[in-house]
Amino acid sequence: MRHRAAYFAFDRFPSSKGSAVHIAQMAEELFGCFGGGLLGVLGAPGLPRYQREGDREIARFDAAVPNLIDRAEAYSAWVADHLEPHRETLEVCHVRDPWSALPAVADGRRHRVVYEVNGLPSIEMAHTWPWASRETLGKVRELERYCLARCDAVVVPSRIIGAAVRGLGVPEGRIRLVPNGAEVPGPAARPADAPGRYIAYVGALQPWQGLDVLMRAFARLADLEDLRLVVCASVPERRAKPVRRMAERLGVAGRTEWRFELPHREVAAWLAHAAASVAPLTGCARNLDQGCAPLKVIESMAAGVPVVASDLPAVRELMADGEHGRLVPADRPAELARAVRILLEYPEEAAAMGRRGRARVEEGLTWARSRALLAEVYREIAAPDRRGER
């Protein structure tokens with residue numbers, strides 16, 4: 001097959017992580033606009049290297065390369081190989097990272113490139129891989145600058161990330177805001193094994209997510225003997241060992257329940273029946289300087305549950321304190337515990353916050369609206385009067 005559109009991401013797909021939800025929505029819009037396409041992603045055990053579904057193909061990179069940088073470079077070469085058969089027909093290539101972007105922005109291309117920046121590896125790697133050298137991070141930053149300078153449009157999910165991209169030299173006129181979204185779910189049955197009263201955390205377990213802060217906050221709620229914390233982790237159980245050891249040290253392990261890699265629809269049910277959803281993002285450079293666009297906040301609001309979240313600029317783009325939940329200073333377990341306690345003490349007001357959060361999503365944070373904004377980006381860069389620009 002020869003495609004008009006391609007989407008590449010250095011992410012596993014499908015998976016239970018928020019990135020996979022985002023990829024599914026964005027790729028679906030791209031392929032809908034261009035009559036099919038090629039999706040190139042990371043593989044995993046149990047996933048086929050190649051799938052074809054009508055006019056759409058999925059190719060997965062599954063080479064076992066232990067070192068992250070070596071794996072990223074091998075993936076980049078793999079992207080180049082998969083782009084080559086489509087050089088004459090490709091009109092738009094959508095990428096999510098510099099490893100995907102580098103072969104897409106090569107000299108002599110006919111296609112346009114949309115670079116979707118959900119995070120900057122030069123910042124994130126300092127937290128995910130703390131042993132990465134300053135020299136390595138500097139080289140990644142230069143790669144980001146190079147690719148961003150050569151793409152045709154930069155899509156960002158938040159204004160904070162947009163500001164970070166401008167700081168890398170991207171002109172304002174090339175940046176497009178396409179927020180994350182959510183589907184507003186219908187009524188969901190209460191999970192059969194759900195505790196009577198619980199607060200919920202949804203997402204991955206990286207240090208910047210603030211699970212350590214949440215555990216310390218939950219320890220301060222020990223007097224609420226019937227309250228449980230349910231952690232719906234989007235990663236395998238083995239990744240939770242450090243956090244679970246902390247829960248044991250703090251004496252909250254017996255009141256914490258874990259669910260791993262649940263299907264998306266099941267996570268929505270856990271959210272819908274929670275007393276509150278908690279997003280304790282830390283005040284680190286990854287969340288402040290780079291910015292973030294926490295899907296867990298939007299999906300919690302869509303489920304009609306009040307949110308207790310860190311008071312970060314990117315979070316304030318999504319929700320308002322006292323209207324959709326409570327915003328608390330980042331990295332402050334006592335403040336987080338107090339906010340949860342107050343919500344539990346005033347259930348009627350908490351329920352009203354949940355309803356207002358759902359309305360907020362319905363009015364401006366649906367995937368349908370985000371996809372419409374993305375389709376406009378595609379139309380804009382593909383316009384005949386833009387063909388001569390680079």
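These notebook entries record what I looked up in one predicted model.

**Entry 1: Ground rules and confidence**

I worked from a predicted model, in which local features need pLDDT of at least 70, side-chain atom pairs count only at pLDDT 80 or more, and totals for chains, interfaces and linings use all residues. Residues are numbered from 1 along each chain as its sequence is written, and side-chain values use heavy atoms, with hydrogens and water left out.

I looked up pLDDT, the predictor's confidence in each residue, from 0 to 100. The chain averages 94, and 98% of the residues score at least 70. Over residues 386-390 the pLDDT stays under 50. For that stretch the model has 15 contacts (heavy atoms within 4.5 Å) beyond four places in sequence. I noted that where pLDDT is low, the predicted coordinates should not be read in detail.

**Entry 2: Helices H11 and H14**

Helices (H or I, at least four residues) and strands (E, at least two) are DSSP runs, numbered from the N terminus. I examined helix H11 (residues 295-302) and helix H14 (residues 347-364), whose axes come within 7 Å and cross at roughly 110°. The axes are lines fitted to C-alpha atoms, for helices over the stretch in contact, and angles run from 0 to 180 degrees between N-to-C directions. H11 and H14 are therefore roughly perpendicular to each other; that class covers 65 to 115 degrees, while angles under 35 count as roughly parallel, over 145 as roughly antiparallel and the rest as oblique.

On the H11 side I found Ile298, Met301 and Ala302, which meet Gly354, Gly357, Arg358, Arg360 and Val361 in H14. By class, this contact of H11 with H14 has 4 nonpolar, 2 polar and 2 charged residues. Ala, Val, Leu, Ile, Met, Phe, Trp, Tyr, Cys and Pro count as nonpolar, Asp, Glu, Lys and Arg as charged, and the others, Gly among them, as polar.

**Entry 3: Two glutamates**

Is Glu29 buried or exposed? Glu29, in helix H1 (residues 18-34), is buried, with a relative accessible area of 14%. Buried means under 20% relative accessible area, exposed over 50%, and partly exposed in between (1.4 Å probe, protein chains only). The side chain of Glu29 makes a polar contact with the side chain of Arg371 (2.9 Å). A polar contact is a pair of N or O atoms within 3.5 Å; within protein, one must be able to donate a hydrogen and the other to accept it, and residues adjacent in sequence count only if both atoms are side-chain atoms. Leaving out residues up to four places away in sequence, Glu29 touches Arg371, Leu374, Ala375 and Tyr378.

Glu257 sits in strand S11 (residues 256-260) and is partly exposed, at 22% relative accessible area. I found a polar contact between its side chain and that of Arg259 (3.2 Å). Beyond four places in sequence, the contacts of Glu257 include Asp193, Pro195 and Arg228.

**Entry 4: Helix H9**

In helix H9 (residues 264-272), I noted Val267, Ala269, Trp270 and Leu271 as buried. The buried residues of H9 pack against several elements, including S11 and H11.

**Entry 5: Backbone exceptions**

Most residues other than glycine have a negative phi, and most peptide bonds are trans. The peptide bond from Phe13 to Pro14 is cis, with omega near -5°; Pro14 is in the loop between strand S1 (5-12) and H1. Glu261, in the loop between S11 and H9, has a positive phi of about 50°. Asp331, in the loop between strand S14 (325-328) and helix H13, has a positive phi of about 65°.
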